[in-house]
Amino acid sequence: MAIFLQFIAGGLFFGGMYTLIALGIVIIYKSTRVFNFAQGWMVTLGAFMLVTLVEKLGVVAGVIAGLAFGALLGLGIDRLLMRPLIGQPLVAALLLTIMLAEVFEGINILAWGTFGYDMPVQLPGASIKLGEVVISHALLWGIGVALVGFAAFSFFYWRTPIGRVMRATAEDHQVAQGLGLPVRGVFSLSWVLAGLLSVIAGLFLGVVSGVHYLMYGALLGALAVVLLGGLDSIAGAIVGGMILGVVQSLVTGYLSPALADVVPFIVLLLILIIKPYGLFGLVRIERL
Amino acid sequence: MDRPAGVFDIRYEQDMAVVRTGPQWGLLIGFLILLAVLPLFAGSYFLGFMILTGISLVAVLGLNILTGYAGQISIGHQAFVAVGAYTTAVLMDSFHWNFWATVPLAGIAAAAAGVLFGLPSFRLKMLYLAMSTLAAQFIIIAFFGHAFPDYFHAVSGIRVDRPELAGIDFRNNEAFYYVVTGTAVLMTFVAKNLVRSRLGRAFVAVRDNDLAGEVIGINVARYKLYAFAIGCFYAGIAGALHATYFRSVNPRQFPFEVSIWYLGCLIVGGMGTNVGAVFGVLFLRSIKELVTFVSPILGEMVSPINAPKIGPALGLISWALVVILFLIFEPRGLAHTWEVLKSRFRHWPFKYAI
């Protein structure tokens, strides 16, 4: 029983990380209809950047600089790569983010090499003991930050004026533009938010399991999370993330770690066959 | 379709012909002769380049049918190449089959795998389907890595012998070059004609507007599966050649990056044109070779400690950046540039080209 709870806790942590990454993808998809395939690679790049910045500047300044880097990264992608593609089919943008993922991987190898790093950040607090279950404080931090991040974004999205502009843009680009809303500004803001989220996810993943250029392999599971929850559903990101995190953790513990690597993709295939628009996604009806 | 002045079609066969004029026949035959005599004066390095290009070309032609013509984005094509390679390797290693007998089976096995992972395409399109092929990439490679260790030998890899036919030993690259080039030419010919047929037109209809296609009587789901079967059949053939060229098969030879590289070849060349597939593969393969050549020198110049990692990193960055630039500045790819060039040449000295 204790082992079971241990796996659940670990699963919730990875679920939280999946949530942060999936949230980034969902935000971008909702407002721009672009599926950001490179989100996992952005997390890896952000984590590497944090390692370097924290070593140079200290923890607080380093993390702030890392977040600034994430925001700039998102802004740069939007302004330099996505904006020239406006007017082209959406496939082009999807293909571009796929290629961007490869560029990021190349940059990671070029700048940081192929060996692992430890994230030089000590999270405050100590691991707690519930009966026989020992839960590391890093896990609690990760789960907590994922929940807080999710709640903060939900509040921002549903209750603030800027959130309302984002929702209007998500509904229909042309109508939003016609109403005088800053559609391109919303695009940029979405990318900036996704960049921030990727750096936050990179920080906690780095603390728990180190930073390595192959980190994205584990993060591709976030794509399954997005589809499981529904591509345009913000609540789906957290539900899907937690489900997948726990399932994957249980498979690692009770069946085999090799199988656990494939679990996200099996979930992905099943969800595509059974319920392609996800648990909470909007089913789009096509008309001629 | 532009054609030189004074060439008129008076029979339907002429109108449908791919090669129309005397000079075109001359160029084609000259090119084939050039391909045939290449091993006589090419060095072993260039020969290896040509063999790898040929193998990639077969795979990319398949991807072109699947993604370029039928519009089903696949980001797991290398997994189907792996299915072909493993079919050949296991049949030769464990069951002692003849290589030539395994080649069609490699194609059929890959086609079956393609249809299996293409099944979600009944209800899905675009992005969702791309995710299904992503799942194919990782599930298939993990399957070869962990299932049936007696047959797949995931750790040590399967050893594959090069074939022999009519006294010719294909163990040297000069002879094997003819196998690869012959296959590539044949597959290009088939692809070129396939997309002009009823099947190819149906693919284009599915790609351009699947609902309209359905309305005019195309069974969209069935044609999507045909596209998967044919595209992955090509991948399987490429896999059989891959296995015999490298003489061993292991799961690490089929990474995700290569699947994306195939897609990149297609974008650089121009989606939905066969000549684009050829240009794209040649272009990106050349960039790869250039980087392999330049990066050690660059590494020595910049920082000798980091020299070993510069090669793979620059390799990834360079081709992916090239593809991004093509996406932004020339989405129609090199095939379009080639058309413009031909048109300029035809109309010279007049300026009103395309």
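Residues are numbered from 1 along each chain as its sequence is written, and chains are lettered from A and ligands numbered from 1 in the order in which they are written. Because the model is predicted, local features need pLDDT of at least 70 and side-chain atom pairs count only at pLDDT 80 or more, whereas totals for chains, interfaces and linings use all residues.

Chain B contains 15 helices and four strands, where helices (H or I, at least four residues) and strands (E, at least two) are DSSP runs numbered from the N terminus. The radius of gyration of chain B is 21 Å, close to the 20 Å that the globule rule gives for 354 residues, so the chain is as compact as a globular protein of that length; the radius is taken over C-alpha atoms, and the rule is 2.2 Å times the number of residues to the power 0.38. Buried residues make up 45% of the chain, a residue being buried if 20 or more other C-beta atoms, placed from the backbone, lie within 10 Å of its own, exposed if 12 or fewer, and partly exposed in between.

An automatic or database domain assignment divides chain B into domain 1 (42–254) and domain 2 (256–354), whose C-alpha centres lie 22 Å apart. Their contact (C-beta atoms, placed from the backbone, within 7 Å) takes 23 residues from domain 1 of chain B and 18 residues from domain 2 of chain B. On the domain 1 side, the elements giving two or more residues are α3 (44–69), α4 (77–94) and α8 (173–194) of chain B, and the largest share, 13 residues, comes from α3(B).

Leaving aside neighbours within four places in sequence, B:Val58 is in contact with residues including B:Thr183, B:Met187, B:Tyr234 and B:Leu241.

Two loop residues remain to be pointed out. A:Arg33, in the loop between α1 (2–32) and α2 (39–57) of chain A, has a positive phi near 65° although it is a residue other than glycine. B:Arg247, in the loop between α11 (220–246) and β4 (248–249) of chain B, has a positive phi of about 60° and is not a glycine.

Key
Contact = placed C-beta atoms within 7 Å.
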